[in-house]
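Please look through the sequence and the model below before reading on. The paragraphs that follow take up a few of its features in turn.

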Amino acid sequence: MAQEMTILFPGGDRVDARYDGMTVTTNQDGSSPAPFELFLASIGTCAGFYVYRFCRQRNLPTDGLTVRQTAHVDPSTGLIGRIELNVGLPSGFPDRYRDAIVRAAQSCAVKKHLERPPDLAVRIS
């Protein structure tokens, strides 16, 4: 099964991705997220989805639930060398679910794809 997006160039530094009737807008001028910012956001929001769903499925509190993501740049390469996700649990959250919350965050599909990256082929049509 293949998933297809169409990348469009509406002007200026804006580059949009159209997929399944939705448009994701990016812009290098600060008026919307840059493509790399969306990439980083996809990691945290994916992990957050799994954490939030874990809590909802067990009727655990989600008021005050957060995920804080920190990306550390490797000074020798200028690339992100480490990404940390810190799950902030609501007060009174049951201790027995702490390890399971970590496993839920680690089951994120974006994380799994970073661990086993796909081949990226560029062609001219």
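Is cysteine 108 buried or exposed? In this predicted model, cysteine 108 has a relative accessible area of 1%, and because anything under 20% counts as buried, cysteine 108 is buried. Its partner is cysteine 46, for a disulfide joins the two residues with a distance of 2.4 Å from sulfur to sulfur. Cysteine 46 has a relative accessibility of 13%, so cysteine 46 counts as buried as well. The angle about the S-S bond is 125 degrees, and the link between cysteine 46 and cysteine 108 is right-handed. This pair ties together distant parts of the chain, 62 residues apart, with cysteine 46 in helix H1 and cysteine 108 in the loop between helix H2 (98-106) and helix H3 (109-115). The count for the model comes to 1 disulfide.

Cysteine 55, by contrast, is in no disulfide, and the nearest cysteine sulfur, which belongs to cysteine 46, is 15 Å away. Because a disulfide requires two cysteine sulfur atoms within 2.5 Å, that distance of 15 Å leaves cysteine 55 without a partner. Where, then, does cysteine 55 sit, buried or exposed? Its relative accessibility is 0%, so cysteine 55 counts as buried. Setting aside residues up to four places away in sequence, cysteine 55 touches Leu60, Pro61, Thr62, Leu65, Phe93 and Ile101. Three of these contacts lead on to the nonpolar core: in the largest such core, which has 15 residues, Phe54, Cys55, Leu60, Phe93 and Ile101 touch the most other members. Helices H1 and H2 each supply at least two residues of this core, and the largest share, 6 residues, comes from H1.

The model has 3 aromatic pairs, and one of them is formed by phenylalanine 36 and phenylalanine 39, whose ring centres lie 5.5 Å apart with 40 degrees between the planes, a tilted arrangement. Both residues lie in helix H1 (residues 35-57), and they are 3 residues apart, about one turn of the helix. Phenylalanine 36 has a relative accessibility of 45% and so counts as partly exposed, and phenylalanine 39, with a relative accessible area of 33%, is partly exposed too. Another pair is formed by phenylalanine 49 and tyrosine 50, with 5.5 Å from centre to centre and 85 degrees between the planes, which makes the pair edge-to-face. Phenylalanine 49 is partly exposed, with a relative accessible area of 42%.

Leaving out residues up to four places away in sequence, tyrosine 50 touches Ala104, Ser107, Cys108 and Ala109. The C-alpha atoms of tyrosine 50 and alanine 104 are separated by 5.5 Å, although the two residues are 54 residues apart along the chain.

A last stop is threonine 26, found in strand S3 (residues 22-27). At 8% relative accessibility threonine 26 counts as buried, and a polar atom of its side chain lies 2.6 Å from the backbone oxygen of valine 15. The contacts of threonine 26, not counting residues up to four places away in sequence, are Asp13, Arg14, Val15, Asp16, Ser32, Pro33, Ala34, Pro35 and Leu38.

How values were computed
Residues are numbered from 1 along each chain as its sequence is written. This is a predicted model: local features need pLDDT of at least 70, side-chain atom pairs count only at pLDDT 80 or more; totals for chains, interfaces and linings use all residues. Side-chain values use heavy atoms; hydrogens and water are left out. Rings of Phe, Tyr and Trp (its six-membered ring) pair if their centres lie within 6.5 Å; planes under 30 degrees apart count as stacked, over 60 as edge-to-face and the rest as tilted. Helices (H or I, at least four residues) and strands (E, at least two) are DSSP runs, numbered from the N terminus. Buried means under 20% relative accessible area, exposed over 50%, partly exposed in between (1.4 Å probe, protein chains only). A nonpolar core is a set of buried Ala, Val, Leu, Ile, Met, Phe, Trp, Tyr and Cys residues joined through side-chain atoms within 4.5 Å. Contact means heavy atoms within 4.5 Å. A polar contact is a pair of N or O atoms within 3.5 Å; within protein, one must be able to donate a hydrogen and the other to accept it, and residues adjacent in sequence count only if both atoms are side-chain atoms.
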